[in-house]
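Visitor: I would like to go through this protein step by step. Please keep the answers plain.

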Amino acid sequence: MTNSTKVKSKKIKTTLFITYTAILIALGIICNTFDIPIGGGSLKLTFTYIPCFIAGIFLGPIAGFLVGFLGDLLGFLINSQGMAWIPLLTISSAFIGFIPGLVFKIKKLNIYFKLALSFLLVFLFCTCFLTTLGLYLFFAIGKKTFWVYFIGRIGPQLGFYLINCVIICIIYYPLKKYVFNRLGTKTATNQDIEQMEKEGSTAVNTETKKACNVFNSIKAKFAKKNACEAAECTQKTNNNCNTTINCTNSNIAKEEIE
């Protein structure tokens with residue numbers, strides 16, 4: 001592969017990385033802007049976890065952090081829904097993408113274990129701690145204790161979180177196969193093909209020479225064996241023959257083994 005081909009391949013991967021990150025940020029904004037009211041509007045089902053997880057898993061922790069952070073911040077600026085901006089919620093969204101990105105950097109772990117560990121860590125640190133703490137400080141402090149607020153909130157949120165986790169598990173392999181595998185592949189150019197053909201031709205010539213050498217060696221051994229057998233026969237029939245033959249069948253067999 002030539003240097004120009006490597007540079008072109010790197011540029012393509014960089015372009016895809018930026019494009020995928022931008023698309024996921026846009027999806028994050030949409031998920032933060034629109035939600036599904038449940039129970040008369042007291043509860044809201046949101047899918048903000050999905051773009052953050054996808055970015056962290058396939059693009060890495062930095063991209064996951066950006067998707068979560070910008071998705072929440074820009075989504076709030078577009079549609080605040082009458083609420084004040086809560087920094088802890090934006091930080092929580094950023095870590096929703098950052099944590100899976102770190103977990104998926106651990107190569108020795110099984111893919112299912114990585115998903116399960118990511119789901120658990122995000123739920124405990126982001127949903128249970130950061131998000132709950134941010135909402136409590138803005139809406140419930142002085143009215144009830146943190147743990148009372150926590151218990152009342154975390155039950156419904158667990159159900160919504162599991163819905164997001166199921167969707168992520170369903171779309172993981174299709175996204176990996178048809179979308180994000182492109183970051184690790186490169187289309188062969190004409191120069192790559194010509195180089196492979198040259199290398200293949202050289203390899204064939206080398207193997208052919210080796211095969212010919214082996215064949216000639218075997219052929220020479222059989223010719224030597226036949227000459228020895230003929231000489232032994234001549235020695236037996238001619239008592240006056242003074243030729244010394246050091247080519248017995250055992251020696252020939254030893255040479256063939258070597």
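Visitor: What percentage of the contacts with a separation of 6 or more comes from residues 24 or more positions apart?
Guide: This is a predicted model, and the figure is computed from it. A contact here means heavy atoms within 4.5 Å. Among contacts in the protein with a separation of 6 or more, the share from residues 24 or more positions apart is 68%.

Visitor: How many helices and strands does the protein have, and what pattern do they follow?
Guide: The secondary structure comes to 8 helices and 2 strands. Read along the sequence, these elements follow the pattern α-β-β-α-α-α-α-α-α-α.

Visitor: How many residues of helix H2 are buried?
Guide: In the protein as a whole, buried residues make up 32% of the 258 residues. Helix H2, residues 49-59, is mostly covered. Its buried residues include Tyr49, Cys52, Phe53, Ile54 and Phe58. The count for H2 is 11 of 11.

Visitor: Which residue just after H2 takes a positive phi?
Guide: The helix H2 covers residues 49-59. Just after H2, a positive phi of about 110° is found at glycine 60.

Visitor: What separates the C-alpha atoms of leucine 175 and phenylalanine 58?
Guide: Leucine 175 is found in helix H6, while Phe58 is one of the buried residues of H2. Not counting residues up to four places away in sequence, leucine 175 touches Ile54, Phe58 and Phe180. Leucine 175 and phenylalanine 58 are 117 residues apart along the chain, and their C-alpha atoms are separated by 9.0 Å.

Visitor: Why does serine 118 count as buried?
Guide: Serine 118 has its place in helix H5, residues 111-140. Leaving aside its neighbours within four places in sequence, serine 118 is in contact with Phe53, Pro100, Val103, Phe104 and Tyr161. Buried means under 20% relative accessible area. Serine 118 counts as buried because its relative accessibility is 0%.

Visitor: Which residue's backbone oxygen does the side chain of serine 118 reach?
Guide: A polar contact is a pair of N or O atoms within 3.5 Å. The side chain of serine 118 reaches a backbone oxygen at 2.8 Å, and that oxygen belongs to lysine 114.

Visitor: Which element gives the most residues to the lining of the largest pocket?
Guide: The largest pocket has a volume of about 950 Å³. Of the 35 residues that line the largest pocket, those closest to its centre are Thr46, Met83, Leu89, Leu135 and Arg153. The elements that give two or more residues to this lining include helix H1 (3-33), strand E2 (43-45) and helix H6 (146-178). With 6 residues, the element that gives the most is H6.

Visitor: How many nonpolar residues are in the lining of the largest pocket?
Guide: By class, the lining of the largest pocket has 4 charged residues and 15 polar ones. The number of nonpolar residues in the lining is 16.

Visitor: How many disulfides are there?
Guide: A disulfide is a pair of cysteine sulfur atoms within 2.5 Å. The count by this rule is 0 disulfides. For cysteine 31, the nearest cysteine sulfur is that of cysteine 52, 8.3 Å away. For cysteine 169, the nearest is that of cysteine 165, 6.7 Å away, and the count stays at 0.

Visitor: Is cysteine 169 buried or partly exposed?
Guide: Buried means under 20% relative accessible area, and exposed means over 50%. Cysteine 31, at 17%, is buried. Cysteine 169 has a relative accessible area of 39%, so cysteine 169 is partly exposed.

Key:
Residues numbered from 1 in each chain as written. Predicted model: local features only at pLDDT ≥ 70, side-chain atom pairs only at ≥ 80, totals over all residues. Heavy atoms only, no water. Helix = DSSP H or I, 4+ residues; strand = E, 2+ residues; numbered from the N terminus. Buried < 20%, exposed > 50% of the residue type's maximum accessible area, 1.4 Å probe, protein only. Polar contact = N/O pair within 3.5 Å; in protein donor to acceptor, adjacent residues only side chain to side chain. 1 Å grid on protein atoms, 1.4 Å probe; cavity = no way out; pocket = protein on both sides within 12 Å on 5 of 7 lines; lining within 4 Å. Points joined across faces, edges and corners; volume = space filled by probe spheres on them. Nonpolar A, V, L, I, M, F, W, Y, C, P; charged D, E, K, R; others polar.
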